[in-house]
Amino acid sequence: MNDIALGMAHITDWQGYDHMLYLLALVARFDLRHAGKAALIATAFTLGHSLTLAIASLDLFRLPGDWVEFLIPVTILCTALWNLFSGDGAGKRQRLTYLMAIAFGLIHGLGFSSFFRISRDETAGFIGGLFRFNLGVELGQLLIVAILLATASLIRAFGISERDQQIFVCGGAVALSLVMALERMPW
């Protein structure tokens, strides 16, 4: 499997639903009218995990796997709570959301690194393989975000408000991520 397909397969694999849940929490307030903003936020997340994926894959930095597996649902929890309680999407809030997506992407990149090291095409070269893997992850994420936004637009057509959607989505993300975090506590 080439590295682009590998990246897409990794992000869209239901066994890694925590990454999809993070994306859901990240774009919980949006529908298709906000596709550009949602794509930029997802790309900010990609930038973060691309950086730590490179660093961890080169063995320059590693965090014990049990801590990474615990911190991933913590990022989902924090993102869902942020979207529930931070107000509208203008100005400073939007910039902080992008920074948060980059920072939390750093943690998710550590989760990707062991999969990437094990699965990548050794004949492709590290930099090229890493770039293609990240491109595949980004394409997969944008596909997931497009499906989430289309679903949100469909739901809105039935009279569900943006705030009700946000409360439902973020409430579910809070509950699921809290359970995952408690199950994965490293101590």
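Trainee: Is Leu-63 buried, exposed or partly exposed?
Mentor: Partly exposed, with a relative accessible area of 33%. Keep in mind that this is a predicted model.

Trainee: OK, and where does Leu-63 sit?
Mentor: In the loop between helix 3 and helix 4, the latter being residues 65-85.

Trainee: Let's go back to helix 3. How far apart are its end C-alpha atoms?
Mentor: They are 32 Å apart. Helix 3 covers residues 35-57, so at 1.5 Å a residue its 23 residues should span 33 Å, and the two values agree.

Trainee: And which residue with a positive phi follows helix 3?
Mentor: That's Asp-59, with a phi near 60°.

Trainee: Zooming out, how many helices and strands are there in the chain?
Mentor: Seven helices and zero strands. Read along the sequence, that gives α-α-α-α-α-α-α. The radius of gyration is 16 Å, close to the 16 Å from the globule rule for 187 residues, so the chain is as compact as a globular protein of that length.

Trainee: What does the C-alpha trace span along its principal axes?
Mentor: About 50 × 35 × 30 Å.

Trainee: How much of the chain counts as buried?
Mentor: 45% of the 187 residues. As for the surface, the accessible area comes to about 9,200 Å², and 72% of that belongs to carbon and sulfur atoms.

Trainee: What share of the contacts with a separation of 6 or more comes from residues 24 or more positions apart?
Mentor: Those residues account for 85% of them.

Trainee: New topic, charges. How many salt bridges does the structure hold?
Mentor: Five. One of them pairs the side chains of Asp-31 and Arg-33, at 2.8 Å from N to O.

Trainee: Are those two buried or exposed?
Mentor: One of each. Asp-31 has 3% relative accessibility, so Asp-31 counts as buried. Arg-33 is at 64%, so Arg-33 counts as exposed.

Trainee: What about Glu-69, which residue does it form a salt bridge with?
Mentor: With Arg-184, and their closest N and O atoms are 3.5 Å apart. Here too, distant parts of the chain are linked: Glu-69 is in helix 4 and Arg-184 in the segment after helix 7 (162-183), 115 residues apart.

Trainee: What's the relative accessible area of Glu-69? And of Arg-184?
Mentor: Glu-69 has 36%, so it is partly exposed. Arg-184 is partly exposed as well, with 21%.

Methods. Residues are numbered from 1 along each chain as its sequence is written. This is a predicted model: local features need pLDDT of at least 70, side-chain atom pairs count only at pLDDT 80 or more; totals for chains, interfaces and linings use all residues. Side-chain values use heavy atoms; hydrogens and water are left out. Helices (H or I, at least four residues) and strands (E, at least two) are DSSP runs, numbered from the N terminus. The expected span of a helix is 1.5 Å times one less than its number of residues. Buried means under 20% relative accessible area, exposed over 50%, partly exposed in between (1.4 Å probe, protein chains only). The radius of gyration is taken over C-alpha atoms; the globule rule is 2.2 Å times the number of residues to the power 0.38. Contact means heavy atoms within 4.5 Å. Accessible areas come from the Shrake-Rupley method with a 1.4 Å probe; for residues, only the protein chains shown count as cover. A salt bridge is a side-chain nitrogen of Lys or Arg within 4 Å of a carboxyl oxygen of Asp or Glu.
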